[in-house]
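These are my notebook entries on a protein structure. I set down in turn what I looked up and what I found.

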Amino acid sequence: MPADFISNLYVFILAGFVGFELIKRVSPLLHTPLMSLTNALDAIVVVAAIIIAGRHETVLSTTLGAIAVAASFSNMVGGFFITDRMLRMFKSGKAKKS
Amino acid sequence: MNLVELQQYLDFAFIIAVVLFILAIKWLSSPATARRGVLAGEIAAALAVAATLCNPELVQFKWIIITLIIGAAIGIPLGMVKMTAVPQRTALSHAFGALSAAIIGIAEYYVGVPRVTRFEMGEIALEVIIGSLTFTGSLIAAGKLQEILPQRPITYRGQNIVSLSVLSAALVLAVILVVNPNQAYLFPAMVVVALFFGILLVTPIGGADMPTVISLLNSYAGFSAALLGFVLNSKVLVVAGALDGSSGFVLSVIMCKAMNRSFANVMFGAFGQVQASSSAVQEDRVVRSATPEEAASILEAASRVVVVPGYGMAVAQAQHKVRELYDTLTKRGVDVRFAIHPVAGRMPGHMNVLLAEADIPYDRLIEMDEINGDFPQTDVALIIGANDVTNPAARTDKSSPIYGMPILDVDKAHTVMVIKRSMNPGFAGIDNPLYYMDQTLMLFGDAKGFVSNIVRELTAAGVHA
């Protein structure tokens, strides 16, 4: 097994645990924004897409990379945007009265 | 600066991004810090993208710039959809995320072949299969949520056998490719079969199960990104994918519990087959109904009211009228709270967003487990557009298809009022004994119209007082 695989597996398992513990603590009130935020974070695959599109190795890889850049970047932009829009709507009753 | 040094700086930027990702989710845990979490995520994403654009491997920027602009042009309108449309937007973004993960894997294969090792082939095959099935599955889910595709479960004989055979075919192709990674002609076949499996996976699932499906697809999309991180040896992808994957996983488990389904049942997609139980409905049972005036006077006399909203409330666009009712009653000193079932709405947490949009303070939105103990001390439970989540048969009737599903114990309130168009059974086609109980009053009519009539009565009464 390649050494890279082992170190990636370490990172994957640790990040999975951190994610699991953090997400259990997120209030059910915010589960919809949680999903749109993690979607936006997941759109970080755009960095891989940029590399594939920009390395310009074959026509096929550049084309596929370019499609992936558009798809993942739209998730990134849209995901952060809608998460913030939703969170702005959540107001506490106390804050409202004061 | 030499290349090795530059590479180290770029790696350092990615480490900062990963830390910010984790902080983003941590801050999202409460509404007070949640927006800071979004900001952390945005900084992380900007940093990672900027660092990548400095990567010396990039030789051509034309397509990168053009597609970044296209991506933003698609993403901004998708970020502006109505709150009722958030579930389909989310399904669509799972589709986009999975699509990009899958096609990057495909590109890696064709760039690498014929130097792809067996181990790399295994990683790529798994990643591309999960990404592809998530892409088509999410598109189907989005189509159902947008009501382009039929909402009801589409089932046929031998469905599970057909689905599992298709999945097996994709896996067999993957194994053949691992044995000899250079058989490039088999690769597209594997992708097509996986795409087809995604369609088969989600098509049988009905509208009522969408909160579970959308969480599960979220999890798949996350894990496909994490696997892509393995393929590309990119730790930032591994972390982001693991966070997204575990998030979807946790939400799926919560949704499963709320629907009383086993996780195995959901994992294999063998769900959505709620048989419409046509258990002999007794026609002679008595239903009591009430007018808006009567409802208003009961609400006025109450000191504790719990509103139980369901997706029907959002369909009728009644949430703003419900807010007016909340304001009017609160002004008169009535304690009004909202009971939120985990599967109210069409995705996890959806009902909270819909009520927050209508300006109802979030500290009035109470989760099921927290509010259930309070129903015996509740004067009025007002049910608007919810049905199955209030059905006491889930507690008592072992023959009921929803037996065992956790419900809101509204039947324990002193008075129950149900706003409903007619006596037609709900989504799952299950009769609700709540409607025939002695303390239940049926308020027949459209949710928006009925609530605004109650508000009018209340304010008119206020003038007289």
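Entry 1: a helix of chain B. Before I looked at burial, I noted that a residue counts as buried when its relative accessible area is under 20%. The model I am reading is predicted. With that cut-off I turned to α4(B), where 25 of the 27 residues are buried, so this helix is largely enclosed by the rest of the structure. I also looked up its length: α4(B) reaches 39 Å from its first C-alpha to its last, close to the 39 Å expected at 1.5 Å a residue.

Entry 2: I found a cis peptide bond between V113(B) and P114(B), with omega at about 10 degrees. I placed P114(B) in the loop between α4 and α5 (118-145) of chain B.

Entry 3: aromatic pairs. How many aromatic pairs does the structure hold over all chains? I recorded eight. I looked up F12(A) and F230(B), which form an edge-to-face pair, 5.8 Å from centre to centre and with 65 degrees between the planes. This pair crosses between chains: F12(A) belongs to helix α1 (residues 3-24) of chain A, and F230(B) belongs to helix α8 (residues 210-232) of chain B.

I recorded Y110(B) as partly exposed, with a relative accessible area of 27%, and F187(B) as buried, with 1%.

I also asked which residues are linked into a cluster by ring pairs. They are F5(A), F12(A), F119(B), F223(B) and F230(B).

Entry 4: a charge over a ring. I found the charged end of R36(B) over the ring of W27(B), at 4.9 Å from the ring centre.

Entry 5: chain A as a whole. I counted five helices and zero strands in chain A, and along the sequence they follow the pattern α-α-α-α-α. The radius of gyration of chain A is 19 Å, well over the 13 Å that the globule rule gives for 98 residues, so the chain is more spread out than a compact globule. Along its principal axes, I read a C-alpha trace of about 60 × 30 × 15 Å for chain A. Of its 98 residues, 62% count as buried. Chain A exposes about 3800 Å², and carbon and sulfur atoms supply 70% of that area.

Entry 6: positive phi angles. H56(A) lies in the loop between α3 (46-55) and α4 (59-89) of chain A, and counts as partly exposed at 40% relative accessibility. In chain B, D359(B) is also a residue other than glycine with a positive phi, near 75 degrees. I located D359(B) in the loop between α14 (350-357) and β3 (365-367) of chain B. With a relative accessible area of 28%, D359(B) is partly exposed.

Definitions and conventions
Residues numbered from 1 in each chain as written. Chains lettered and ligands numbered in written order. Predicted model: local features only at pLDDT ≥ 70, side-chain atom pairs only at ≥ 80, totals over all residues. Heavy atoms only, no water. Phe/Tyr/Trp six-rings, centres within 6.5 Å; stacked < 30°, edge-to-face > 60°. Helix = DSSP H or I, 4+ residues; strand = E, 2+ residues; numbered from the N terminus. Buried < 20%, exposed > 50% of the residue type's maximum accessible area, 1.4 Å probe, protein only. Lys NZ or Arg CZ within 6 Å of the ring centre and 35° of its normal. Expected span 1.5 Å × (residues − 1). Rg over C-alpha atoms; globule rule 2.2 N^0.38 Å. Areas by Shrake-Rupley, 256 points an atom, 1.4 Å probe, with all protein chains shown as cover.
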